[in-house]
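Please read the model below alongside the text. The paragraphs move from the overall layout to single residues.

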Amino acid sequence: MEDNRGIVTLDSETVASHPGSVRIMPFVLMRHMHKSVLLLIPLLASLAFAFQVSLLWGGLFSVVFFVVNYFYWRRKREHFAYGDSNGGIVVSENPKLIAVATDLSKGITGKYPVVKILPYKGKGKLNDRIGTVALYEGSSVCTPHWKDFFPVPVEYVNSNQTELNAVLRSYSEESWELLENRIKQIGQPYKEGLFKIASENSSW
């Protein structure tokens with residue numbers, strides 16, 4: 001699994017251990033991910049051009065921008081439907097940061113536990129639990145683990161509280177305890193980045 005930092009969004013040989021199964025609400029996504037709006041503007045402009053100036057050229061550009069928008073939204077739907085869902089905890093309010101844990105192992109051999117700390121623009125307060133869905137990035141060389149992962153809070157694409165609560169209930173209490181224990185191994189003040197966890201019989 002990779003996001004737009006890699007080559008593809010999802011591949012047929014990769015299956016998430018805990019698929020997100022999150023429904024996307026377009027207007028919620030557009031409010032948090034401005035790229036979706038920037039991609040929509042040229043599509044609307046080309047349609048207006050087609051109706052008012054040139055049907056040929058406007059229609060041609062409309063088709064191009066429609067295809068670009070189609071693949072963008074397909075990637076987002078795949079991300080939150082099939083990406084790997086993990087719990088996150090708000091670890092800082094100034095700046096607002098969340099921590100998310102995963103194992104970067106590709107399932108071949110070894111364990112590669114990590115914690116990702118990243119900026120957060122949601123409504124959660126310090127120590128609140130949130131749901132995320134991540135895609136994983138490979139490396140240029142053959143390794144038994146992924147290079148990185150990119151979790152995104154589900155509230156960035158869905159504002160239905162019942163569905164958000166369902167995502168939180170899908171995580172086991174053991175997974176929350178694991179995340180909390182890993183966070184304790186990271187020095188404060190917390191900073192953005194990917195942190196390898198050298199305990200838990202890891203293969204780092």
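What follows covers confidence, the order of elements, the sheet, the helices, the core and some backbone details.

This is a predicted model, in which local features need pLDDT of at least 70 and side-chain atom pairs count only at pLDDT 80 or more, while totals for chains, interfaces and linings use all residues. Residues are numbered from 1 along each chain as its sequence is written, and side-chain values use heavy atoms, with hydrogens and water left out. The pLDDT score is the predictor's confidence in each residue, from 0 to 100. Its average over the protein chain is 89, and 92% of the residues score at least 70. Residues 1–9 stay under 50. Contact means heavy atoms within 4.5 Å, and the model has 32 contacts beyond four places in sequence for residues 1–9. Where pLDDT is low, the predicted coordinates should not be read in detail.

The protein chain contains five helices and six strands. Helices (H or I, at least four residues) and strands (E, at least two) are DSSP runs, numbered from the N terminus. In chain order the elements are α-α-α-β-β-β-β-β-α-α-β. The C-alpha trace spans about 65 × 40 × 30 Å along its principal axes. Of contacts with a separation of 6 or more, 69% are between residues 24 or more positions apart. Buried means under 20% relative accessible area, exposed over 50%, and partly exposed in between, with a 1.4 Å probe and protein chains only.

The six strands form an open sheet in the order β5-β4-β1-β2-β3-β6, with antiparallel pairing. Its edge strands are β5 and β6 (193–196), each pairing on one side only. Two strands pair if DSSP finds at least two bridges between them. Neighbouring strands of the sheet are turned by 35 degrees against each other on average, direction ignored. Axes are lines fitted to C-alpha atoms, for helices over the stretch in contact, and angles run from 0 to 180 degrees between N-to-C directions.

Helix α3 (residues 55–82) has 28 residues and reaches 39 Å from its first C-alpha to its last, close to the 40 Å expected at 1.5 Å a residue. The expected span is 1.5 Å times one less than the number of residues. Buried residues in α3 include Gly-58, Trp-73 and Phe-80. The cover over its buried residues includes α1 (26–32), α2 (34–52), β4 and β5. Helix α5 (residues 173–184) lies across β1 (84–93), β2, β3 and β4, at about 45 degrees to β1.

A nonpolar core is a set of buried Ala, Val, Leu, Ile, Met, Phe, Trp, Tyr and Cys residues joined through side-chain atoms within 4.5 Å. The largest one has 43 residues, and Met-33, Phe-80 and Val-157 have the most contacts inside it. Strand β2 (residues 96–103) gives the most to this core, with five residues. Not counting residues up to four places away in sequence, Phe-80 touches residues including Ser-21, Met-33, Val-152 and Val-157.

Ser-21 lies in the segment before α1 and has a positive phi of about 50 degrees. At 62% relative accessibility, Ser-21 counts as exposed. Its C-alpha is separated by 8.6 Å from that of Val-167, 146 residues apart along the chain. Val-167, in helix α4 (residues 161–169), is buried at 9% relative accessibility.

Most residues other than glycine have a negative phi, and most peptide bonds are trans. Asn-127, in the loop between β3 and β4, has a positive phi near 75 degrees. A cis peptide bond joins Asn-94 and Pro-95, and Pro-95 is in the loop between β1 and β2. The bond from Gln-188 to Pro-189 is also cis, with omega near 0 degrees; Pro-189 is in the loop between α5 and β6.
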